[in-house]
Amino acid sequence: MIKLLVGLSNPGKKYESTRHNIGKIYLKELAKHKKKVFSRKKYFFGYLTSFIEKKKINLLVPDLFMNLNGISVEKVKNFYKFSNKEIAIVHDEIDLPIGKIKICFGKYHNGHNGVKNIIEILKNKDFYRIKIGIGRPKNKTDISDFVLKNFSEKEKKIIKNCIKISIKSKQYLIYN
């Protein structure tokens with residue numbers, strides 16, 4: 001069972017509602033659903049909260065840029081002595097249609113810099129990933145530009161519904 005759920009993100013208002021911050025958006029909705037608030041004080045280069053389902057689940061939103069999120073994950077993992085198999089990373093996935101969710105274990109980063117950094121720092125890819133589809137750009141927009149743009153109003157509705165369904169179905173628990 002998952003003990004650490006990490007929502008990948010970039011810090012600051014500028015990135016708050018971007019596609020790349022879907023992990024943070026997911027965790028904030030989950031915390032709201034559980035009536036929890038993230039700590040205002042930064043711990044381990046991020047913000048934490050936790051709740052009890054069957055076991056305590058810690059939620060972490062790193063306060064570092066995406067390609068450094070692994071630093072925060074490693075600090076929390078080592079402090080609480082979590083195994084990699086007790087960690088799930090929530091992040092955006094361009095190879096999934098918008099609003100689709102795929103859960104996987106032990107896969108490579110597939111070009112996602114946040115996941116790549118976590119694999120490099122943990123020296124292991126054996127953790128869960130909850131990939132939330134953001135789709136690919138329809139034109140020749142650069143991927144890095146695309147993921148740093150805000151969702152359209154239509155996309156926001158799709159994402160909100162997708163997250164709501166995922167939380168109600170408790171996909172974040174990921175039983176082994």
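Mentor: Helices (H or I, at least four residues) and strands (E, at least two) are DSSP runs, numbered from the N terminus. Ours come from a predicted model, where local features need pLDDT of at least 70, side-chain atom pairs count only at pLDDT 80 or more, and totals for chains, interfaces and linings use all residues. Residues are numbered from 1 along each chain as its sequence is written, and side-chain values use heavy atoms, with hydrogens and water left out.

Trainee: Where is the place of Ile25?

Mentor: Let's look at its surroundings. Setting aside neighbours within four places in sequence, Ile25 is in contact (heavy atoms within 4.5 Å) with Glu16, Ser17, Thr18, Phe151 and Ile163. Ile25 itself lies in helix H1 (residues 22–33).

Trainee: What is the relative accessible area of Ile25?

Mentor: Buried means under 20% relative accessible area, exposed over 50% and partly exposed in between (1.4 Å probe, protein chains only). Ile25 is partly exposed, because its relative accessible area is 23%.

Trainee: How far apart in space are Ile25 and Val90, C-alpha to C-alpha?

Mentor: Start with the sequence, where Ile25 and Val90 are 65 residues apart. In space, their C-alpha atoms are separated by 9.6 Å.

Trainee: In what order do the six strands form the open sheet?

Mentor: Two strands pair if DSSP finds at least two bridges between them. Here the pairing is mixed, and the open sheet has the order E2-E3-E1-E4-E6-E5.

Trainee: Which are the edge strands?

Mentor: An edge strand of this sheet pairs on one side only. From one strand to the next, the twist averages 20°. The edge strands are strand E2 (46–52) and strand E5 (101–105).

Trainee: Which residue in E4 is the bridge partner of Leu5?

Mentor: Strand E1 (residues 4–7) and E4 pair in the parallel sense over four bridges. E1 is also joined to strand E3 (residues 56–62), again running parallel, by three bridges, with Leu4 opposite Asn58. On the E4 side, the partner of Leu5 is Ala88.

Trainee: Which residues point the other way from Tyr128, Ile130 and Ile132 in E6?

Mentor: In a regular strand the side chains alternate between the two faces of the sheet. In E6, six of its six residues are buried. Tyr128, Ile130 and Ile132 point one way, and the other way point Arg129, Lys131 and Gly133.

Trainee: At roughly what angle do the axes of helix H2 and helix H3 cross?

Mentor: Axes are lines fitted to C-alpha atoms, for helices over the stretch in contact, with angles from 0 to 180 degrees between N-to-C directions. The axes of H2 (residues 69–80) and H3 (residues 113–122) come within 7 Å, crossing at roughly 45°.

Trainee: What does that make H2 to H3?

Mentor: Angles under 35 degrees count as roughly parallel, over 145 as roughly antiparallel, 65 to 115 as roughly perpendicular and the rest as oblique. The crossing is at roughly 45°, so H2 is to H3 oblique.
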